[in-house]
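Let's take a walk through this model, stopping at a few residues along the way. Keep the 3D view open as you read.

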Amino acid sequence: MTSTASATPAGISPRPEAQRRVLAVLVSSQILSGAGLAAGITVGALLAQDMLGSTDLAGLPSALFTAGSALAAVAVGRISQARGRRPGLAAGYLTGAVGSAGVIAAAVADNPVLLFVALFVYGAGTATNLQARYAGADLAAPAHRARAVSTVLVATTLGGVVGPNLAAPTGTLADTLGIPILAGPFLLSGTAYALAALVLAVWLRPDPLLLARSLDLQRRTTGDVAEPAPAHRRGPGLMTGALTMILTQLVMVAIMTMTPVHMHDHGHGTAASGLVIAIHVGAMYLPSPLTGWLVDRYGRTAIAAASGLTLLAAGITAAAAPADSVALLALALALLGLGWNLGLVSGTAMITDAVPLATRAKTQGMVDVSIAIAGATGGLASGLVVSAAGYAVLALTGGVLALAVLPAIAATASSR
C-alpha cells in the first residue's frame, strides 16, 4: 500500500481542491471584516475623548475592544474545537456586528457606560479576524503553512485600507441620519461584520478543521504516516510563538491607538488620521505573501527577530517625527504595521507547527487570549503614558520593549 506520506509531499496539501475553496471563502470574509476592523480603530479613541472630554482615557476604547476580543478568542476557539471553524468564526463576526450597533446607540444616547460595554462586545470582531488565519493553515502542508496564513491575512488589506478612508463619508451619512459624526464608521463596521458572518456560515464548506482531523485520523488508522506522533503532544516553539505575537500586539496597539489622538491634538483632521491609519493597516496585511514566503524559506525564528527590530525602528521614527509631519507619522505607522505582520505570521506558524490537531483550535484560542490581553494592556496604558509623558515617550518605550523577543528566540535556539 502506498503511504499518504509518500503520496503527499511536504509541500502539497493532502486535499488541494478543498484548501483552494477554503482560502477563497476566507479571503472574501476577510475583505469584509477588514473594513469593519479598521473603521472602528480610526475613531474609537476620538469618540471616547469627545464623550468624556479628556485624553486620559482615550486609550480605553482600544483596551475595551481588545479585552472583549480576549473573551471572544476563548469562545471562538472552544466553538471551533467542538464544532469546527465555520460556526466559530461566523458567531464571532456576528457578535462584532452587535457591538457596532451598540456603539452607535451609545453615541446617540450620549451614554459613556453603554459605549464601553458596546466596545467590549465589538472586540469579538477583532478576535475573529485574527482567528481566521488559523483556518487557512488547517489543510495546508507544513512547508506552506506560513504562506497559507499570509493569504488569509493579506485579504484584510483591501477592507482595512478602504475602511479608514470612509471615516469622513460615513460620518456625513451618520449626520444625515441624526447620528453623531464620529459614530459613522461603526455603521460600516456593523454591516461588514454581519456580511462576513453570512459568507462563512453559507460557504465555508468543507470545514477545514473538521476535514483536517478526519484526514489525520484516517492516516493514523491505516498507518499511512511517515512518523506517527502522539495525538496530544506539543512540539517546540509554542512559547516562543506566543511571546512573539504578544509583544508585537502590545507595542502595535499602544502606538497605533494614540496616533490619531496625537494628530488630532496638533490640528490634523479625521481625513489625515484616517490616511495614516489606512497606511498602517495596509502595512499590517499587505506584505503578508512576502512574509509567508520568508517564514517558510528562512525559518520562523529569523523573521520573529526581524519583527522586533522593525518595531524598534517604528518607535524611533514615531518619536522623532514632527507633530505637523503627516508623512513621517505615516512612515512610522507603516513600520509599526510591518513589524506586527512579521511577528504575527512567524508566531502563527510556530504555534500551528507545535500544536496537534486534536487540541489545535482550543490552544490557538488561548494563545489569542494572551495576545488580546496584551493589546488591552497596551491600549489602556497608552493614554496614561501620553497624558503623563507625551507621545514620543510612548513610541520609544514601545520600540525598546519589542526587543524583548530577541533573548527568547536565542534561548529557544540554544535549547534545540
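Start with A319, which sits in helix α13, spanning residues 300–320 (helices are DSSP runs of H or I with at least four residues, numbered from the N terminus). Before going on, some ground rules: this is a predicted model, where local features need pLDDT of at least 70, side-chain atom pairs count only at pLDDT 80 or more, and totals for chains, interfaces and linings use all residues. Residues are numbered from 1 along each chain as its sequence is written, and side-chain values use heavy atoms, leaving out hydrogens and water.

Back to A319: its relative accessibility is 21%, so it counts as partly exposed (buried means under 20% relative accessible area, exposed over 50%, partly exposed in between, with a 1.4 Å probe and protein chains only). Setting aside residues up to four places away in sequence, A319 touches A392, A395 and L396, where contact means heavy atoms within 4.5 Å. L394 is 75 residues from A319 in sequence, yet their C-alphas are 8.0 Å apart.

Now hop over to G125 in helix α5 (residues 112–137). Is G125 buried or exposed? With 0% relative accessibility, it counts as buried. Apart from neighbours within four places in sequence, G125 is in contact with G92, Y93, G96 and Y193. Take Y193 from that list: 68 residues separate it from G125 in sequence, while the C-alpha to C-alpha distance is 6.9 Å.

Last stop is L198, found in helix α8, residues 185–203. L198 has a relative accessible area of 49%, which means it is partly exposed.

Terms used. Helices (H or I, at least four residues) and strands (E, at least two) are DSSP runs, numbered from the N terminus.
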